[in-house]
Amino acid sequence: MSVLKKLSQMFSEPDTQDKKAGETASEVQDPSSSQSPFAEPPPVGRRVIQASVIVGQAEEMNQSDDILIKAEPSRDNGQCKFMVNRPLFEGHSWMFSNFEEAAGSPLAESVFSVDSVETLLIHDSTAVVTKTGAKGLSDWEALAKEVGGVLRKTLEAGTDMVSKDIIAQIPTEEVVRDEIQKVIDTEVNPGVAGHGGKITLTAVTGNTVTIEMGGGCQGCSAADLTLKQGIHSAFRKAVPYVGAIYDETDHAGGLNPYYR
Amino acid sequence: MPKLNRFKIEIETRETGTDLPVHFTINNHKLPLEDAQGGVGPGETFSGGFEIGSFAHSLTLVGPKSGQWDIRKIKVDYDCEHTPPYSVVFGEVTLDETTEVNIWQDPPLPTWDV
């Protein structure tokens with residue numbers, strides 16, 4: 001029975017609904033079910049919590065001696081993630097915004113040698129690539145194979161993936177945390193306060209930061225725009241050595257988003 | 001977000017169980033699970049499901065009316081329109097009268113070896 005039919009029955013045919021409920025052996029007859037649903041006491045306000053999702057695929061990949069690379073375009077096809085069963089930049093992350101920034105880093109140089117690659121983000125054992133003009137899944141099928149090929153070739157060569165200059169300029173977590181917090185306090189939060197929003201720095205691991213968007217930003221339909229064009233830009237401009245920036249907001253749980 | 005035709009759920013309870021029936025919410029509408037089998041007592045496994053036929057903006061498993069419910073594992077099999085069936089396994093969670101746990105996951109992204 002579809003949920004619409006079920007709900008319709010609940011409000012228009014209480015007798016039918018009661019009978020159906022009684023047919024299910026495991027259900028306990030609620031004393032209030034014979035009354036109008038409007039007579040029930042107000043429901044207890046519940047909060048939605050998230051349980052961890054158990055993933056089996058990564059374990060399977062890690063057990064192999066061969067270099068395995070999986071390509072996974074994002075839902076909007078704006079970028080493609082490459083998951084490798086080898087570390088690319090262990091414990092740290094780095095954003096290569098263009099070909100020039102790739103100089104001296106063999107991994108990035110090889111990826112940027114592929115036509116139409118726009119940016120590259122590496123973090124631990126993943127690489128995220130954006131390309132110019134990507135609109136659909138088909139745009140990634142050939143390119144992903146090419147990128148996978150150069151990643152494998154570079155890994156097989158066994159050279160350092162990232163230039164020593166980059167490694168040398170990454171400060172301690174404490175410095176990253178302080179600098180990012182300063183940007184949040186002085187630029188980002190004053191900017192989103194007008195929409196009732198608030199950004200919280202929840203974690204810093206190496207030079208990788210995780211934030212949470214609260215208030216009017218949580219569940220806001222423009223949250224992705226704020227994140228990519230506002231927060232990312234502000235962080236990277238003020239703290240050039242910041243690597244990956246993750247948003248761990250439960251946007252589905254937003255109670256008062258600015259834009260719905 | 002695809003249309004959710006139906007889903008099946010299997011719940012493994014740890015040491016602290018609860019009472020039947022087991023309720024879920026679809027887009028904030030609370031309903032009992034159908035085709036219920038097994039139990040939600042300590043160490044028991046419960047299975048049920050529901051024919052939704054609608055878009056799941058939210059899908060949650062509702063905590064007990066009182067007391068706690070320690071869940072070891074929740075496996076959900078989704079049958080969505082225009083999407084191959086897929087399953088998601090959620091790990092340990094404890095529910096009570098103030099909580100419900102999200103059991104909706106979008107279909108997995110297409111992934112292939114390169």
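Guide: Welcome! Let's start with a term: helices (H or I, at least four residues) and strands (E, at least two) are DSSP runs, numbered from the N terminus. This is a predicted model, where local features need pLDDT of at least 70 and side-chain atom pairs count only at pLDDT 80 or more, while totals for chains, interfaces and linings use all residues. Residues are numbered from 1 along each chain as its sequence is written, and chains are lettered from A and ligands numbered from 1 in the order in which they are written.

Visitor: Where in chain B does B:K3 sit?

Guide: B:K3 belongs to strand β1 of chain B, which covers residues 3-13.

Visitor: Why is B:K3 called partly exposed?

Guide: A residue is buried if 20 or more other C-beta atoms lie within 10 Å of its own, exposed if 12 or fewer, and partly exposed in between, with C-beta atoms placed from the backbone. B:K3 has 13 other C-beta atoms within 10 Å, so it is partly exposed.

Visitor: Which residues is B:K3 in contact with, leaving aside its neighbours within four places in sequence?

Guide: Those are B:S54, B:F55, B:C80 and B:E81. Contact here means that the C-beta atoms of two residues, placed from the backbone, lie within 7 Å. As for B:G48, which is 45 residues from B:K3 along the chain, the two C-alpha atoms are separated by 20 Å.

Visitor: How many helices and strands does chain B have?

Guide: Chain B has 11 strands and zero helices. Chain A, in turn, has eight helices and 10 strands.

Visitor: How do you know that the radius of gyration of chain B agrees with a compact globule?

Guide: The radius of gyration is taken over C-alpha atoms, and the globule rule is 2.2 Å times the number of residues to the power 0.38. For 114 residues that rule gives a radius near 13 Å, and chain B has 14 Å, which agrees. Along the principal axes, the C-alpha atoms of chain B fill a box of roughly 45 × 35 × 25 Å. Of the 114 residues in chain B, 32% are buried. Among contacts in chain B with a separation of 6 or more, 70% are between residues 24 or more positions apart.

Visitor: And what are the values for chain A, with its 260 residues?

Guide: Buried residues make up 26% of chain A. Of its contacts between residues at least 6 apart in sequence, 66% join residues at least 24 apart.

Visitor: What makes strand β5 of chain A largely enclosed by the rest of the structure?

Guide: Six of the eight residues of this strand, residues 89-96, are buried, so it is largely enclosed. It also has a partner: β5(A) pairs with strand β6 (residues 117-124) of chain A in the antiparallel sense over five bridges. Two strands pair if DSSP finds at least two bridges between them. Within β6(A), A:L121 stands opposite A:M95.

Visitor: Which domains does the assignment give for chain A?

Guide: Domain 1 spans 57-168 and domain 2 spans 173-253, with bounds that come from an automatic or database domain assignment. Seven residues of domain 1 are in contact with six residues of domain 2. On the side of domain 1 that touches domain 2, the largest share, five residues, comes from β5(A). That side divides into three nonpolar, four polar and no charged residues. Ala, Val, Leu, Ile, Met, Phe, Trp, Tyr, Cys and Pro count as nonpolar, Asp, Glu, Lys and Arg as charged, and the others, Gly among them, as polar.

Visitor: How many residues of chain B are in contact with chain A?

Guide: There are 35, in contact with 33 residues of chain A. By class, this side of chain B has 17 nonpolar, 12 polar and six charged residues.

Visitor: How do you know that β1 of chain A and β10(B) pair?

Guide: Strand β1 (residues 47-49) of chain A and β10(B) share three bridges, in the parallel sense. A:R47 stands opposite B:T99 in β10(B). Strand β6 (residues 59-62) of chain B pairs with β10(B) as well, in the antiparallel sense over three bridges, and B:L61 stands opposite B:V101.

Visitor: In what order do the five strands of the open sheet run?

Guide: The order is β1(A)-β10(B)-β6(B)-β2(B)-β3(B), with mixed pairing. β1 of chain A and β3 of chain B are the edge strands, as each pairs on one side only.
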